[in-house]
Amino acid sequence: MTSTKIQRWTDLLVGLLRHRLGATFTELADDVPAYALPRRPTDREKAAVKRMFERDKAELLAFGVPIETIDRGEDEIEKYRLRPADFYLPYLSILDSSGRGRTPRRVDRDGYHSVQALAFDPDELAAIGAAAARIQKLGVPLLASHARSACRKLAFDIPGIDRDDLDDVSVQAERVESQVFAVLNEALLGRKHLTVTYRSMSGGTESVRTVEPLGLFFLNSHWYLAAREVGDHVVKNFRVSRMARVAANKSRPQTADFPVPRDFDLRAHARSRQAWELGDADGVDAVVEFVAETGAATPWLQLGAPVAGEPARRAYRVRSIDRFVRWLMSLAGAAKPVSPPELVAAYHDALRATLRRYEPGS
């Protein structure tokens, strides 16, 4: 984008805002030097300038600038209008404990009186701050930048709000390069095979894999790709931050490489995941016995599958034994693993390690 276009857009916006009742193209051309015509313009010159105006208007509309085209009147000449109330953000203020809003800073200038005010109560502002913090934890640099920008704009307009406090949000999720998401998006939209160098969650080894990507979802502060390895019908979850050298198949770009299973629903798939179910490993079948009916354990009896003839036991598909062990320990003895042996051993090892941390002198 050249500085000439930016100047042209700025002049056009100023001209639109000056004409509250709308303006014709001829009237706007007086406000935009780039639309100026020679004294005796040819039809070709007139058409070229009008096309430039139409392109500028279309690009500004694409950016979200609400330019209206007013219906033609008796003179059959179109007018264009940009309402200040639609173009400018509202004045912001925050309600005090009595429900009264502090007076926002207003710019006492012609054209700004129609801009409305928007008042937040403290709980709403806290929710906005929490949402901005959550967005920045997604690990997407562009979204994090937008969240920080929004916080700075709020802090500028709302009296008594420290913009540094709103902006001070640490990113806790593992970082993922923006280019990785761009390649994943390309493969998902085109249903193209995806080749990645993947570091497994269990052994930490790297291997090159070719998968059929089915969808992205965010859970427990991490992005996951739901995908099947080529030739396999099982949908596994690959953590995006463990991917490197990601490449989508470039051959036959207009043709899908695979069909999406008819019974696959990404929303249901992501909603049903627990931390121990995530990962790229085949997983193990675990059986847990609930030995106490405590408040902590009761909701978790709904997870897993029932075990025939054992009403106190539930079966789980576990891809991360460490996470599953930590979940069992959080139930404070209300449940214990029964099988497989490696899960039982890991559970008792974790209990002993925890006890050692609280022994006197440790």
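Select E212: is it buried or exposed? E212 counts as buried, with 9% relative accessibility (buried means under 20% relative accessible area, exposed over 50%, and partly exposed in between, using a 1.4 Å probe and protein chains only). Before moving on, keep in mind that this is a predicted model, where local features need pLDDT of at least 70 and side-chain atom pairs count only at pLDDT 80 or more, while totals for chains, interfaces and linings use all residues. Residues are numbered from 1 along each chain as its sequence is written, and side-chain values use heavy atoms, with hydrogens and water left out.

Stay on E212, which sits in strand β6, residues 206–219 (strands are DSSP runs of E with at least two residues, helices are runs of H or I with at least four, and both are numbered from the N terminus). Now show its contacts (heavy atoms within 4.5 Å). Leaving out residues up to four places away in sequence, E212 touches H193, A226, A227, R228, V230 and F258.

Next up: salt bridges. A salt bridge here is a side-chain nitrogen of Lys or Arg within 4 Å of a carboxyl oxygen of Asp or Glu. By that rule, the count comes to 16. Let's visit a few.

Pick E59 and K5. Their side chains meet in a salt bridge, 3.2 Å from N to O. E59 belongs to helix α3 (residues 43–62) and K5 to helix α1 (residues 3–18), so this pair ties together parts that are 54 residues apart in sequence. E59 is partly exposed at 28% relative accessible area, and K5 is partly exposed too, at 22%.

Now jump to R81 and E68. What is the distance between the closest N and O atoms of this salt bridge? They are 3.2 Å apart. R81 is in strand β2 (residues 79–81) and E68 in strand β1 (residues 68–70), so the pair ties together parts that are 13 residues apart in sequence. R81 counts as buried at 18% relative accessibility, whereas E68 is partly exposed at 27%.

Last pair: select D257 and K192. Their salt bridge has its closest N and O atoms 2.9 Å apart. Here, distant parts of the chain are linked: D257 is in the loop between β9 (243–248) and α9 (266–271), K192 is in the loop between α8 (178–190) and β5 (194–199), and the two are 65 residues apart. D257 is partly exposed at 23% relative accessible area, while K192 is buried at 3%.

To finish, highlight E68, R81, R83 and D86 together: salt bridges that share partners join them into one network.
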